[in-house]
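Student: Could you walk me through this model, starting with the charged pairs and then moving on to the sheet and the cores?

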Amino acid sequence: MKIFTRCTLLIVMILLLCTQAGIAQDIKRSDKPNVILILTDDQGYMDVGFNGCKDIPTPNIDRIANGGVRFTNGYVTYSVCGPSRAGIMTGRYQDRFGFGRNPLLAPNDTAMGLPSTEETLATVLKRSDYTSLALGKWHLGAHKSQYPLKRGFDEFFGFLSGGHQYFPEQWTLRDLSEVRKQFDGYRTRLMKDNGRVDEKEYLTDALSREAVSFIEKEADNPFFIYLAYNAPHGPLQATEKYLSRFKHIEDKKRRTYAAMVSSVDDGVGLVLDKLEELEIDDNTIVFFLSDNGGPEKHNASDNGPLRDGKSSLYEGGIHVPFAMQWPGRIPAGQVFENPVISLDIFATAVEYAGATPKNNLDGVNLVPYLTGENSGKPHQQLFWRKYDGGDYAMRGGDHKLVKYQSDVDEVYNLKKDISEEKVLKLNDRNHYAEMKSAYQKWESELMDPVFLGLMQDKQYTKENPNRYKVISEYKVDNLEPKVPEGYKLLWSDEFNTVGKPNPEYWSYENGFVRNHELQWYQSDNANIKEGALVIEGRREQVKNTNYKKDSKNWRHNWEFAEYTSSCIKTKDKFSFQYGIMEVRARIDTSMGMWPAIWTLGVENRWPSNGEVDQLEYYRFEGEAKILANACWAGENMKPVWDSEKIPFKNFIAKEHDWVDKFHVWKMDWTKDYIRLYLDDVLLNEIDLSKTINADGTNPFHQPQYILLNLALGSNGGDPTNTTFPRKYEVDYVRVYQKK
Ligand code: CA
C-alpha cells in the first residue's frame, strides 16, 4: 500500500512537472530563432573537414555542415577583412555606402567605419526584441561612435582593430590612447562592452567561453551572437594544448595554423554542445564561414583547387568555407551547389525574426531553397569590386567575368574550371556582354570609398597628424580645448599648475555649510596635482570654531566635525550667462560620497537665484544615482526641482570600469533651455519657459558662478565603514560662448 502510494505520488508529480515544463516552454520559447554567426578570419577554403581537409580535423565545424547544409559555392563580398565584414553586418554590398577599403585604426575619426546610414544586423534584430553579443574582431570602426554598443549590440567582448595578439601577456597597452602606429592595435587590452578588462586566457578560448556564457544567460530570449574569431589570421600563435595535436605536421607554420583552427573547432563544439544541452539547437540558426580566402603564404592556409587567395578576385580570395544549420527547419546533410553569398545571412535572419530593415538588402532568405519550397537559384548574379585597383568580378550562372591585376576581362566556366585556368573567348556563348553590362549597371549604383584604407596608412597619418591623439579615459587630458564650432573659449581652468587653485578664479567655503553634511569645509583639502584639481575627503576631527552648545542651528551645535573636505567656487571672481560649460572629472562613488559640479545665480537668495547641478552623485531612496537638475523658487521660497535621477548601475552595467575613468559633464545653456549631458548623452533638458520663480522672475536669465565640491554624509550615505582618504579629481573646467 505504502509503495503503491509512493508510486502514484511519483507519477502524479512527474505528470505535474511535465505539464508545468510544457506550459513554461510555450510561454518562454519564442518562435523567433536565435542566430549565431561564426566567422573565422583568413581561413582557407580547404581547411575544414567538410571540404575535404586531411591534416586538420574539424569535427565540430563539420557538425554544422552535417546537421544542415554545406555550401560548395559560398562567397563573401570582398577578399579582405573589413569590407567583407561590412557586407555581412549590413546585408548590403559595402560599396553601396563607401566601405570599399580595409579601414585603418583611427580612433579619432568618426568616418572610419560603418556610416550612420547603415543598420547592422543587431540594430534590426533589436527591433524584434533580440539581445545581441559581438565577440572578437570588430574592425568596423574604432571611434567611440562606432563601438559595437553604438551599432546595435547589447554586449561586446573583443577588440576594435583588424587583428590581435593571441596571448594575454602581449596585451600591454591599456587602451587606444597608448597606440602609436597601426599595428599597436593588436596589443591593447580587450574590451568588455565599453570598458577594458584584464583577460587571462588564450584569445580564441576566451571568445568561446564568452559565447557559451551568453547562450546560458539568454537561452530564454531570442538572441544573436556574432562570434568573430580572429583565428587563424596572423600572427600565428597557439597554445601547447592545440599545438600538441599536430606533431605530425612538419611545417611549423602549418602546424601553428592547424592548432589555431583546432582551437576554433573546440570553441564551435562548446557552442553547439551548449545549444543542445539547453535544447535550443532546433530553434537556433548557426552559420559558419570565413571572412575571405586564405593568404596561403602568410598563414599556411590552403584554398585547395581555388586560384589565388586573400585579396584576390579569383576564387581563392572570395570563395570560402560556408555552412549552415537550423535543425528544426532545414533537413540535415545537404550539399548546396548554387552560389550563395555572405549577404544572405542578414536576409535570412531578419526574415524569421520578423524584423524589417530600413535599407534595401542585397541578400536573399536561403531557407526556402534548402527546404525545397523554392527549386530556383538564390542568385542569378553576384558582383565584386576592388576600387583601388580598378578590379572587379561578376558571377552569372556557371560563368565568371573577372579583371584582376590586369587590363583585360577574362571569362571562366567555373563549373568546368573552378581553378580558373582556362580563359574563354569573350563572346555571347559565355554571356560576356550580358555579364559586363550587368556589372556596369551594378557599379553605377556604388559609392567611392569614404575613407582611406590600410593601403594608404602613410598618407592617412600624414594628413591626420593627430591620428592617435586619443585622450586616455583613465588619465588627465593634456590636449588643447576642442572649441565647439561657432563658439569661443570664454574661460577655463585646466588645473595644470602645481599647488593651490588659482586665487584669481577660486575661493573656498568654510566650516559646516549645508544639508547637515558631515564634513568641515576647509581650503587644505583642495590641491592641484599632476594636471587635476584633487579634492580630498578625509576622516579627521576638527573642532567647530562656531560651536555654541545651546544653539538650535546644527552649524553651531555640532561641536566637532569628524571629516574634512573642500568646496571651491568662482563666486565674485567669474560668472557667465549662456554658453557651454564642460567639466572633465573622475568621481569617487564610495559610500558616503556626494561629489558635485554645479552653478548658482549671482543675484538673490537660494533658490530664487537658480541652481544647476550638472553632476550630483548620491544615494536616493537607498540607491546610488547620478543626478542632473535645475532648481528655482516656488511659493515661500520653496525649491522647485526639474530633476533626473539615473540609477548608477545603468552606467556600470555597460562600462564596468566606469569609476576608473574620467568623464565629461556638460551644460549647454541658451535663453530657451539648459541641456545637461554626461559623456555626450543627454540626461536632462530644462525648458526655461517653465523655470519661473514665484515672484515672476526667471533665475536662469542672469549670470551663474561655478562650484566644485565633495560633500560627505547626508544624501551621500553613511561613510563610517568607508576607508579614507577619498578623492574627487577635476581635470578641467571650460566655458565656451557663441562667437
Ligand atoms: Ca580576413
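Student: Before that, what kind of model is it, and how are residues numbered?

Tutor: It is a predicted model, in which local features need pLDDT of at least 70 and side-chain atom pairs count only at pLDDT 80 or more, while totals for chains, interfaces and linings use all residues. Residues are numbered from 1 along each chain as its sequence is written, and side-chain values use heavy atoms, with hydrogens and water left out.

Student: OK, how many salt bridges are there?

Tutor: The count is 56, where a salt bridge is a side-chain nitrogen of Lys or Arg within 4 Å of a carboxyl oxygen of Asp or Glu.

Student: Where do R254 and D47 sit?

Tutor: R254 belongs to helix α7 (residues 252-277), whereas D47 is in the loop between β1 (34-40) and α2 (59-66), and the two are 207 residues apart; helices (H or I, at least four residues) and strands (E, at least two) are DSSP runs, numbered from the N terminus. Their side chains form a salt bridge with an N to O distance of 3.0 Å.

Student: Buried or exposed, those two?

Tutor: Both R254 and D47 are buried, with buried meaning under 20% relative accessible area, exposed over 50%, and partly exposed in between (1.4 Å probe, protein chains only).

Student: And what about E277 and K274?

Tutor: Their side chains also meet in a salt bridge, at 3.1 Å from N to O, and because they are three residues apart in helix α7, about one helical turn separates them. E277 counts as exposed because its relative accessibility is 54%, whereas K274, at 9%, counts as buried.

Student: What does R734 pair with?

Tutor: R734 forms a salt bridge with E494, and their closest N and O atoms are 2.7 Å apart. R734 lies in strand β33 (residues 726-738) and E494 in the loop between β17 (487-493) and β18 (507-508), so the pair ties together parts that are 240 residues apart in sequence. Both R734 and E494 are buried.

Student: Switching to the sheet, what is the order of its seven strands?

Tutor: The open sheet runs β18-β23-β32-β25-β26-β27-β28 with antiparallel pairing, and two strands are taken to pair if DSSP finds at least two bridges between them. β18 and β28 (639-647) stand at the edges with a single partner strand each, so one side of each has no neighbour in the sheet.

Student: How many bridges join β27 and β28?

Tutor: Strand β27 (residues 623-633) pairs with β28 over nine bridges in the antiparallel sense, and I626 stands opposite I646 in β28.

Student: Which residues have the most contacts inside the largest nonpolar core?

Tutor: They are F71, F224, Y226, L289 and M324, in a core of 62 residues; such a core is a set of buried Ala, Val, Leu, Ile, Met, Phe, Trp, Tyr and Cys residues joined through side-chain atoms within 4.5 Å. Helix α10 (residues 343-353) gives the most to this core, with six residues. A second, separate core has 51 residues, including I36, L190, F246 and I249.

Student: Last one, where is D524, and what does D524 touch?

Tutor: D524 lies in the loop between β19 (519-521) and β20 (526-529), and counts as partly exposed because its relative accessibility is 44%. Leaving aside residues up to four places away in sequence, D524 touches K500 and R538, where contact means heavy atoms within 4.5 Å.
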